[in-house]
Amino acid sequence: HQLIDVRKVSKKYKGNVYALKNINFSVKQGEFVYVIGASGAGKSTLLKFLYREEEQTFGSIKIGNTLVSRINHKQLYLLRRKLGVVMQKDLFLSDRTVFENIAVSIEAVSAAKSNEIALRTNDVLEVVGMVGMNDRKINELSIGQQKRVAIARAIVNYPTIVIADEPTANLDAKAALEIMKLFFKINSMGTTIIMATHDSTMVNTVRERVLELNHGELIRDEQEGGYTRYP
Ligand code: ADP
Ligand code: ADP
């Protein structure tokens, strides 16, 4: 049984620009999938379809039993409960605290009581190695710490899938490694991870499934693939 099923998906922008062309793949629960390709290859567009920030022009996307391409607002909210997203540019309330930023994500999808919000926030801060940082303001944290908060926020509703768009961009090698370790840990707890990345060292070192896009086409779908086809 497939958790994600993408069939014949294309995206056409004005002027016959195809960001994606006839993409087909499926993902089982618990998989770790790297999405790679040059800038402009279509990685972000593909991820945005999965969390329905954009709609595809043709084809269908199923997540669980939900046909993402056909959902209404109420179903969209249910879908987003199943998905945690770590975007390239993390949208924070930057003059607010770590706690407040995570609490907002819980409140967005459920009517949790304040003691439960506190418990869950502490819980995810522990996962990302930020225990005791609840009251720090986002704009006083390093980029790496902000990324950790973004990850904490993405997992706080216990999603089935975490989607991450280049989570290690703008980080030095050491901070990037720490962030990648977090995703592997979250994956080992059973969460499916779909990650767009340019981190060739990581892709080559921790071998997982690779989806490679080139000018909007899926040119490679390889288990335990390297960053390049013939390394
Ligand atoms: P990547 O994430 O791999 O860098 P993107 O998914 O951002 O690639 O972009 C894929 C292609 O689609 C690029 O050629 C980009 O310029 C184009 N594109 C993305 N968004 C839009 C848009 N809103 N309008 C027109 N073209 C777009
Ligand atoms: P990313 O960092 O995800 O690759 P970009 O910097 O390419 O994103 O694009 C930023 C925003 O501009 C996105 O919302 C994308 O959809 C849009 N965009 C990208 N390329 C184009 C384009 N050629 N025409 C119009 N909008 C675009």
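User: Leaving aside neighbours within four places in sequence, which residues is Ser26 in contact with?

Analyst: In this predicted model, and with the neighbours within four places in sequence left aside, Ser26 is in contact with Gln2, Ile4, Asp5, Arg7, Glu31 and Arg209. The residue belongs to strand S2, which covers residues 17–27.

User: Is Ser26 buried or exposed?

Analyst: A residue is called buried when its relative accessible area is under 20%, and Ser26 therefore counts as buried, since its relative accessibility is 17%.

User: How should I read strand pairing, and how do strands S1 and S4 run?

Analyst: As a general idea, side chains in a regular strand alternate between the two faces of the sheet. In the present case, strand S1 (residues 4–13) and strand S4 (residues 58–63) run antiparallel and are joined by five bridges, with Val6 standing opposite Ile61 in S4. S4 is also joined to strand S5 (residues 66–67), by two bridges and again in an antiparallel manner, and here Ile63 stands opposite Thr66 in S5.

User: What is the phi of Gly64 in the hairpin of S4 and S5?

Analyst: In that hairpin, which has two residues between its strands, Gly64 takes a positive phi near 60°.

User: What should I make of a positive phi in a residue that is not a glycine?

Analyst: Most residues other than glycine have a negative phi. Two cases can be set beside that idea here. Arg52, in the loop between helix H1 (43–50) and S4, has a positive phi near 60°, and its relative accessibility of 16% means that Arg52 counts as buried. Glu166, which lies in the loop between strand S7 (161–165) and helix H6 (173–188), has a positive phi of about 45° although it is not a glycine; with a relative accessibility of 14%, Glu166 counts as buried.

User: At what angle do helices H3 and H4 pack, and how far apart are their axes?

Analyst: Angles of 65 to 115 degrees count as roughly perpendicular. Helix H3 (residues 98–109) packs against helix H4 (residues 114–127) at an angle of about 115°, with the axes 10 Å apart, and the two helices are therefore roughly perpendicular to each other. The crossing in which H3 passes H4 is right-handed.

User: Which residues of H3 and H4 meet?

Analyst: From H3, Val98, Phe99, Ile102, Ala103, Ile106 and Glu107 meet Ile117, Ala118, Arg120, Thr121, Val124 and Leu125 of H4. The residues of this contact divide into nine nonpolar, one polar and two charged.

Terms used. Residues are numbered from 1 along each chain as its sequence is written. Chains are lettered from A and ligands numbered from 1 in the order in which they are written. This is a predicted model: local features need pLDDT of at least 70, side-chain atom pairs count only at pLDDT 80 or more; totals for chains, interfaces and linings use all residues. Side-chain values use heavy atoms; hydrogens and water are left out. Helices (H or I, at least four residues) and strands (E, at least two) are DSSP runs, numbered from the N terminus. Buried means under 20% relative accessible area, exposed over 50%, partly exposed in between (1.4 Å probe, protein chains only). Contact means heavy atoms within 4.5 Å. Two strands pair if DSSP finds at least two bridges between them. Axes are lines fitted to C-alpha atoms, for helices over the stretch in contact, and angles run from 0 to 180 degrees between N-to-C directions. Angles under 35 degrees count as roughly parallel, over 145 as roughly antiparallel, 65 to 115 as roughly perpendicular and the rest as oblique. A crossing is left-handed if the near helix is turned anticlockwise from the far one by less than a right angle, and right-handed if clockwise. Ala, Val, Leu, Ile, Met, Phe, Trp, Tyr, Cys and Pro count as nonpolar, Asp, Glu, Lys and Arg as charged, and the others, Gly among them, as polar.
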